[in-house]
Amino acid sequence: MEISEVMKPDDVVIDVPAPSKPRLLEFLAQAAADALGLREGDILEALQSREHLGSTGIGAGIAIPHAPVEGPRAPFILLVRLAKPIDFEAVDEELVDIACLILTPSGEQNGYLKLLSKIARRLRSPEAVETIRHAADRQAIYQVLIDCDY
């Protein structure tokens, strides 16, 4: 599964004013609920449960909150660039300024893991992250994410 199959330019949000990890998770849950027609509380609970297992802050200012949820027919990806970096309890203890939400239908672990791996690899590229951090618009950020599809 390619990123471009489940993500569109509108799934990029720039300069989100989340002041903390809990507020960011709430923002992500609300945005996903609005996009998917699901209950915000169910999504937030899934994200919080995953975070209790260990932070999804992967280092270098990046977090990839992810969880399976009941309801969606296909994976959902939302990338946000924060207005200011926040403490996300990342493995390297660096503040996070880029978060990529991945929600997948419950029971589809194989596709889920491949998509998570593809996003994580892309966000490990210093050039891609530099573009995400400095891009003026969502289209440029979207393009750098899907460039790994080809």
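The largest nonpolar core holds 26 residues, and Leu24, Leu28, Leu47, Val80, Leu101 and Leu103 touch the most other members. A nonpolar core is a set of buried Ala, Val, Leu, Ile, Met, Phe, Trp, Tyr and Cys residues joined through side-chain atoms within 4.5 Å. Buried means under 20% relative accessible area (1.4 Å probe, protein chains only). Two or more residues come from each of helix H2 (21–36), helix H3 (40–53), strand E4 (66–69), E5 and E6. Helices (H or I, at least four residues) and strands (E, at least two) are DSSP runs, numbered from the N terminus. H2 gives the most to this core, 6 residues. Another core, of 24 residues, lies apart from it; Cys100, Ile102, Ala128 and Ile132 are among its members.

The model is predicted: local features need pLDDT of at least 70, side-chain atom pairs count only at pLDDT 80 or more, and totals for chains, interfaces and linings use all residues. Residues are numbered from 1 along each chain as its sequence is written, and side-chain values use heavy atoms, with hydrogens and water left out.

Leu28 is in contact (heavy atoms within 4.5 Å) with Leu47, Pro65, Leu78, Val80 and Leu101, leaving aside neighbours within four places in sequence.

Strand E5 (residues 76–86) is mostly covered, with 8 of its 11 residues buried. E5 pairs with strand E1 (residues 12–16) in the parallel sense over 4 bridges. Two strands pair if DSSP finds at least two bridges between them. With strand E6 (residues 96–105), E5 pairs in the antiparallel sense over 7 bridges. Arg81 of E5 is the bridge partner of Ile14. Arg81 also stands opposite Ile98 in E6.

Notes:
Buried means under 20% relative accessible area, exposed over 50%, partly exposed in between (1.4 Å probe, protein chains only).
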